[in-house]
Amino acid sequence: MSYVEKHLIEGEKIIYETRLHWIVLIGSALLGLLFGLTGLGMFVLSARATGDKSVAHEPMMILGAAFLVVALFFIARGVLVRNATEMTVTNKRVFVKVGLAARRTIELLLSRVESIGVEESVTGRMLGYGTVIVHGTGGTPEIFNMIAHPLEFRTQVQQQIEKSQAK
């Protein structure tokens with residue numbers, strides 16, 4: 001169950017959810033690939049050295065396993081970072097939650113949202129990610145980078161604001 005699902009108030013429904021774009025995984029995946037290939041290389045060298053008494057293959061096996069563990073750590077960290085960010089629009093509020101252990105949350109009533117800005121680089125426009133800037137009435141802007149489908153998020157917020165004002 002997500003953070004937002006746990007904190008819905010009576011009569012509140014989730015309209016739209018997004019999170020960080022998959023592009024945030026590239027750094028972790030590259031580091032995981034680097035360490036993983038090194039670990040596999042150590043295993044291959046160790047397997048070739050089993051008949052050779054001058055080369056100790058056990059330390060190479062241990063080192064290869066250590067490299068694979070580090071590779072898995074980087075990949076798992078990337079996935080956790082991506083999944084630890086939630087941006088949700090409900091029929092009453094806008095939620096933004098960032099972080100897993102240390103958490104930062106913003107919950108704004110739709111009536112308190114002054115504006116939502118979106119900034120997209122050329123690469124971001126092509127791949128579907130950008131920066132979302134949420135301005136609450138009387139508050140400082142909150143900036144969230146690498147958000148998937150930022151224009152759709154803004155559109156959903158604007159539509160819910162219109163629906164709430166029409167009531």
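**Exercise 1. Find what the buried residues of α2 pack against.**

Step 1. Locate the helix. In this predicted model, α2 covers residues 25–48. Helices here are DSSP runs of H or I with at least four residues, strands are runs of E with at least two, and both are numbered from the N terminus. Residues are numbered from 1 along each chain as its sequence is written, local features need pLDDT of at least 70, side-chain atom pairs count only at pLDDT 80 or more, and totals for chains, interfaces and linings use all residues. Side-chain values use heavy atoms, with hydrogens and water left out.

Step 2. List the buried positions. They are Ser28, Gly32, Gly36, Gly39, Met42 and Ser46. Buried means under 20% relative accessible area, exposed over 50%, and partly exposed in between, with a 1.4 Å probe and protein chains only.

Step 3. Recall the helix geometry. An α-helix has 3.6 residues a turn, so residues three or four places apart point the same way.

Step 4. Name the partner. The buried residues of α2 pack against α3 (57–83).

Step 5. Check the span. α2 has 24 residues and reaches 34 Å from its first C-alpha to its last. That is close to the 34 Å expected at 1.5 Å a residue. The expected span is 1.5 Å times one less than the number of residues.

**Exercise 2. Work out the order and pairing of the four-stranded sheet.**

Step 1. Read the order. The 4 strands form an open sheet, β1-β2-β3-β4, with antiparallel pairing. Two strands pair if DSSP finds at least two bridges between them.

Step 2. Find the edges. β1 (14–18) and β4 (104–109) each pair on one side only.

Step 3. Get the twist. It averages 10° from one strand to the next. Axes are lines fitted to C-alpha atoms, for helices over the stretch in contact, and angles run from 0 to 180 degrees between N-to-C directions.

Step 4. Go through the pairs. β1 and β2 share 4 bridges in the antiparallel sense. Glu86 stands opposite Lys97 in β3.

Step 5. α5 lies across β1, β2 and β3 (93–98), at about 30° to β2.

**Exercise 3. Decide whether β2 is enclosed or open, then examine Thr90.**

Step 1. Count. 6 of the 6 residues of β2 are buried, so the strand is largely enclosed by the rest of the structure.

Step 2. Thr85, Met87 and Val89 are buried on one side. Glu86, Thr88 and Thr90 are buried on the other.

Step 3. Take Thr90, in β2 (residues 85–90). Its relative accessible area is 0%.

Step 4. List its surroundings. Leaving aside neighbours within four places in sequence, Thr90 is in contact (heavy atoms within 4.5 Å) with residues including Val4, Leu8, Ile14, Phe95, Leu110 and Gln160.

Step 5. Check the polar side. A polar atom of the Thr90 side chain lies 3.1 Å from the backbone nitrogen of Lys92. The backbone nitrogen of Arg93 lies 2.8 Å from a polar atom of that Thr90 side chain.

**Exercise 4. Describe the three-stranded sheet and the helix on it.**

Step 1. Order the strands. The 3 strands run β5-β6-β7 in an open, antiparallel sheet. The edges are β5 (113–119) and β7 (142–148). Neighbouring strands are turned by 25° against each other on average, direction ignored.

Step 2. Place the helix. α5 (residues 150–166) packs on this sheet, touching β5, β6 and β7. Its direction makes about 160° with that of β5.

Step 3. Inspect one pair. 6 bridges join β5 to β6 (residues 129–136). Val118 has Val132 as its bridge partner in β6.

Step 4. Pick a residue of α5. Gln159 lies in this helix. At 38% relative accessibility, Gln159 is partly exposed. Its C-alpha is 66 Å from that of Ala49, 110 residues apart along the chain.

Conventions:
A polar contact is a pair of N or O atoms within 3.5 Å; within protein, one must be able to donate a hydrogen and the other to accept it, and residues adjacent in sequence count only if both atoms are side-chain atoms.
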